[in-house]
Amino acid sequence: MDEGRAGTMTDGVEVRGPLGERYDEILTPEALGLLATLQREFGARRKELLKARQERQEKLSSGGTLDFLPETAEIRTDDSWRVADPAPGLRDRRVEITGPTDRKMTINALNSGAKVWLADFEDANTPLWTNMIEGQLNLRDALDRTIDFTDPKSGKTYALKDDEELATIVVRPRGWHMEEKHLLVDGEPMSGSLFDFGLYFFHSARRQLAKGKGPYFYLPKMESHLEARLWNDAFNLAQDTLEIPRGTIRATVLIETIPAAFEMEEILYELRDHSAGLNAGRWDYLFSVIKKFRDRGADFVLPERNAITMTAPFMRAYTELLVRTCHKRGAHAIGGMAAFIPSRKDAEVNKVALEKVRADKTRESGDGFDGSWVAHPDLVPVCREVFDGVLGDKPNQRDRLREDVKVSAADLLNIKATPGDITEAGLRNNIDVALRYLATWLDGAGAVAIHNLMEDAATAEISRSQVWQWIRNGVKLKEGETVTRELVERLLDEELANIRAELGDAYNEPRYNEAVALFKEVTLADEYSEFLTTPAYIRFP
């Protein structure tokens, strides 16, 4: 297929994205046929579930609350059911690395020494058409062992280690709210979730099975067990269509929204034949808490981002309940991202970062988690060492049932007990991080190191949502000034000037102008934007 723009290739399917080199290897008529089948079967249900999210938000904004569901109490009280036994390559998950699916990251992540690589089409990625298709090519090439990379700047070459040394690939598709505007089915944009899942499953499921593993996934941004049921039905349809036995797919669900925290057991139950456990998606969880209770006054206003720790009462309740729930049902409990990025130039920064990572992983392993995430290959040894100290030769600690854990709805909602301040420095940091991240995102990269922290869409969401909430609730800074739209606009100008001065000739004025416009759209508008990536995606070609 020559470079250019595609037309209709399968009945009712139109590819609107440009066709680069080798794209025809991914966008085959047969693969597009599977995508069309998935979209036609589940597109309407997806829209209904997104509408249900909005209806729940309206109730919360009007004074409602969250609680464990009375209609599913029988699932929670029935102690007899368990999820499927761990699949090959997923028994030992003591350290997992996350990152986008560009060619260099694919090789480095697989070679990193981690047990699992979360191959990310979501928060650490930007949904540029080229990223979405070339990421699929990179994964397939990695499984075929035809992938290599030479850095054009340094000349350094990268190649895969032996198969037995490589991490297990677990793909994270986009959340249910995202669409793929470059592929229309019957005239409508396709679900981004089903697009990412379907292409990987079509091209790589049998390749993974041939290597003694399987098609595995991380499922993001869910808000209810009904959304998990939709995924389970999509898995069954895809497996049936390709004549692959049901239960071959395994999926780990990120519990990264506060509504999902009240439905953990039900989510495991819906996916029980395909379940590989739950993950504590801590950064998106904080974003969800802010988003869901943004209109509810001082009791739901969190301190500035860097002051919130995992020992805050509501975060402690969430992670402890997750471990208890998973192990009760025989599932893996995977800990959250260590966002600290070690510095190879500053020994003191590196020392502080590694100490923070070690403390974070020590807490998680002590709480009963079976493994945890890192964002950088240099952190794999630290995480592995900590979990080795707890696990030894055992692949996991699913036998640690944590029956001592008792978590109520009030515990999960105890936001006001979170210690910490809101300062001018904290407000400035939110503005600075959001601007830098948005400029990078609009330039095509979804994960970026800023001030020795790995920032992705989740952390940018926290930053801009806090600014919106602080304006909305007339929060007073520790120094005494009230957060207003005018104050934020003044600090925005100052932080932009600081970035311009710091970057010098590397400052991309048109890109930062776009970032400023998008930042204002998602922080200063009266109406809250549910996801910053939605208006950002519109700006993409």
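The structure described here is a predicted model.

## Helix pairs

Two packed helices are described by the angle between their axes and the distance between the axes.

| Helix pair | Angle between axes | Axis distance |
|---|---|---|
| α9 (residues 282–292) and α10 (residues 313–328) | about 125 degrees | 12 Å |
| α3 (residues 103–111) and α4 (residues 129–144) | roughly 40 degrees | within 9 Å |
| α9 and α15 (residues 457–472) | roughly 20 degrees | within 8 Å |

Helices α9 and α10 pack at about 125 degrees, and they are therefore oblique to each other. Their crossing is right-handed. On the α9 side the contact involves Arg 282, Tyr 285, Leu 286 and Val 289, which meet Phe 314, Met 315 and Tyr 318 of α10. Sorted by class, the residues of this contact are six nonpolar, no polar and one charged.

Helix α9 also packs against α15, with axes that cross at roughly 20 degrees. The two helices are therefore roughly parallel to each other. In this case the crossing is left-handed. The contact is made from α9 by Trp 283, Asp 284, Leu 286, Phe 287 and Ile 290, and from α15 by Ala 458, Thr 459, Glu 461, Ile 462, Arg 464, Ser 465, Gln 466 and Gln 469. By class there are six nonpolar, four polar and three charged residues. Leu 286 is named in the contact with α10 and also in the contact with α15.

The remaining pair is α3 and α4, whose axes cross at roughly 40 degrees. That angle makes α3 oblique to α4. The crossing is right-handed. Arg 103, Thr 106 and Leu 110 of α3 make the contact with Asn 138, Asp 141 and Ala 142 of α4. These residues divide by class into two nonpolar, two polar and two charged.

## Parallel strands

Several strands can be followed from one partner to the next. Strand β12 (residues 216–219) runs parallel to β13 and is joined to it by four bridges. In that pairing, Tyr 216 has Arg 250 of β13 as its bridge partner.

Strand β13 (residues 250–255) pairs in turn with β14, again in the parallel sense, over four bridges. Here Val 253 is partnered with Leu 278 in β14. How many of the six residues of β13 are buried? Six of the six are buried, so β13 is largely enclosed by the rest of the structure.

In a regular strand the side chains alternate between the two faces of the sheet. In β13, Arg 250, Thr 252 and Leu 254 point one way, while Ala 251, Val 253 and Ile 255 point the other way.

Strand β14 (residues 275–280) is mostly covered as well, with six of its six residues buried. It pairs with strand β15 (residues 333–338) in the parallel sense over two bridges. Asn 279 stands opposite Ile 334 of β15 in this pairing.

Strand β15 is joined to β16 by three bridges, and the two run parallel. The bridge partner of Met 337 in β16 is Trp 373. Strand β16 also pairs with β5, in the parallel sense and over three bridges. In that pairing Ile 97 is opposite Val 374 of β16. Strand β16 (residues 371–374) has Gly 371 and Trp 373 pointing one way and Ser 372 and Val 374 the other way, and all are buried.

## Two loop residues

Arg 329 is in the loop between α10 and β15. Is Arg 329 buried or exposed? Arg 329 is buried, because its relative accessible area is 0% and buried means under 20%. The C-alpha atoms of Arg 329 and Tyr 269 are 8.9 Å apart, although 60 residues separate them along the chain.

Ser 80 is exposed, with a relative accessible area of 59%.

Key: Residues numbered from 1 in each chain as written. Predicted model: local features only at pLDDT ≥ 70, side-chain atom pairs only at ≥ 80, totals over all residues. Heavy atoms only, no water. Axes fitted to C-alpha atoms, helices over the stretch in contact; angles between N-to-C directions. Parallel < 35°, antiparallel > 145°, perpendicular 65-115°, else oblique. Left-handed = near helix turned anticlockwise from the far one by under 90°. Contact = heavy atoms within 4.5 Å. Nonpolar A, V, L, I, M, F, W, Y, C, P; charged D, E, K, R; others polar. Buried < 20%, exposed > 50% of the residue type's maximum accessible area, 1.4 Å probe, protein only. Pairing = 2+ DSSP bridges.
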